[in-house]
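Biologist: Can you walk me through how the two chains meet? Keep it simple, please.

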2 protein chains.
Amino acid sequence: MRKIITIGREFGSGGRELGRRLSEHLGIAYYDQEIIAEIAKRTALSEAYVRQITENRPLTSFPIHFGGRFCALPDPLLQQSISIYSEQHRLLCELAEKSDCIIVGRCADYVLRDSHPFRIFVYADAQSKLMRCMERRTPEETLSEQDMKRKITEIDRNRARYYAFFSGQKWGARENYDLLVNTSGQSVKKQAAALYEYLRKMAD
Amino acid sequence: MRKIITIGREFGSGGRELGRRLSEHLGIAYYDQEIIAEIAKRTALSEAYVRQITENRPLTSFPIHFGGRFCALPDPLLQQSISIYSEQHRLLCELAEKSDCIIVGRCADYVLRDSHPFRIFVYADAQSKLMRCMERRTPEETLSEQDMKRKITEIDRNRARYYAFFSGQKWGARENYDLLVNTSGQSVKKQAAALYEYLRKMAD
């Protein structure tokens, strides 16, 4: 059986850790930040820039009402955003073609829809996400709880807009996934092990 | 470990079958139609009437604009609907207290929230639900596909209203559940076995 698993996730829900652990259980490839690095290589743009474009909303300009008609101003940033998305699209298809894998984020559930991936969405309540983010702060990060809450809301808002822009679908809406997993107050390590058992049984 | 599992489900998604099969795997009680029968016994109302009240929206009258103020007419049907809900509430608490169990529908995730049940929501795409419902028609049911589609939509609309009325929450919204399972094109028998493995691992 071919196994392509995509994971959409709220920021701070532990979706990335869950994906990594699940890939270890299944013994298959795991792609997340590697995708940014590869796109940067292919487009000759910096990793930081590619990350900025792919992790923020792609629509940087709005149509302007002009002489009774709606016209979009030509926007080089939007153009570049779409080029990067196209490159990412190609790359995701190549990766899914190459071997079984888990891909985190990047509208992979939508991009790879013809391969019928198993689509997981990981989420948690606000308090759990805040706690996880505060615990995982690097020494350089000095965000207060209030600022971290704002950051979480902002990142998820961008993810929802990015997903809606490229897929035309609603991010996190159950109809776009096969399984939605709530990590609130749970051990992600244990959830990854449980999910592995679930998938193993489904593949019997 | 105590196991109280609640299952919310879209009509035709196989949620009831999934609950029954899961209860067999876990060797715990399963409550669904039994609840109707018990409430009927306790309230001396007919089972058919209790089913009608608990499976349709409880709000049967609307406030009427009267002399510049909104007034609700006293409505005996609404009163009775609330009495039946109260009886159901007591019964669910008694059942959860008595032994481990799986309870399907009836806002059980909300009613039993203080017992921290494991809350599952089962759903499927429109085509899968239609196929399942058409296959399971009794010989007396002569609904066309078009009529069955209407029936599915109507029942789910009522469930959503019932849930919203008594819980103040949105039916099927991921934040109200621990796991949401899409049964589209899947074997519910296999999914029940897989869910059992998931829960077993989580309880380790």
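**How the copies meet**

Modeller: 100% of the interface residues of chain B are also interface residues in chain A, so the copies meet through the same surface. Contact here means heavy atoms within 4.5 Å. This is a predicted model, where local features need pLDDT of at least 70, side-chain atom pairs count only at pLDDT 80 or more, and totals for chains, interfaces and linings use all residues. Residues are numbered from 1 along each chain as its sequence is written, chains are lettered from A and ligands numbered from 1 in the order in which they are written, and side-chain values use heavy atoms, with hydrogens and water left out.

Biologist: How many residues does the contact take from chain B and from chain A?

Modeller: Chain B gives 26 residues and chain A gives 26 residues.

Biologist: And what area is buried between them?

Modeller: About 2200 Å², with 56% from carbon and sulfur atoms. Buried area is the accessible area (1.4 Å probe) that two parts lose on being put together, summed over both.

Biologist: Which residues of chain B lose the most area to chain A?

Modeller: Arg174(B), Tyr198(B) and Met202(B), together 29% of what that side buries.

Biologist: Switching to charges. How many salt bridges are there between chain B and chain A?

Modeller: Two. A salt bridge is a side-chain nitrogen of Lys or Arg within 4 Å of a carboxyl oxygen of Asp or Glu. Glu10(B) and Arg174(A) meet in a salt bridge, N to O at 2.6 Å.

Biologist: Which elements of chain B give two or more residues to the side that touches chain A?

Modeller: Strand 6 (118-123), strand 7 (179-182) and helix 8 (188-202) of chain B. Helix 8 of chain B gives the most, with nine residues. Helices (H or I, at least four residues) and strands (E, at least two) are DSSP runs, numbered from the N terminus.

Biologist: Do tell me about the strands. Which way do strand 7 of chain A and strand 7 of chain B run, parallel or antiparallel?

Modeller: Antiparallel, joined by three bridges. Strands pair if DSSP finds at least two bridges between them. Leu179(A) has Val181(B) as its bridge partner.

Biologist: What rotation superposes chain B on chain A?

Modeller: A rotation of 180°, with 0.0 Å of shift along its axis and RMSD 0.0 Å. The two copies are thus related as by a two-fold rotation axis. The superposition is by least squares on the C-alpha atoms of residues with pLDDT of at least 70 in both.
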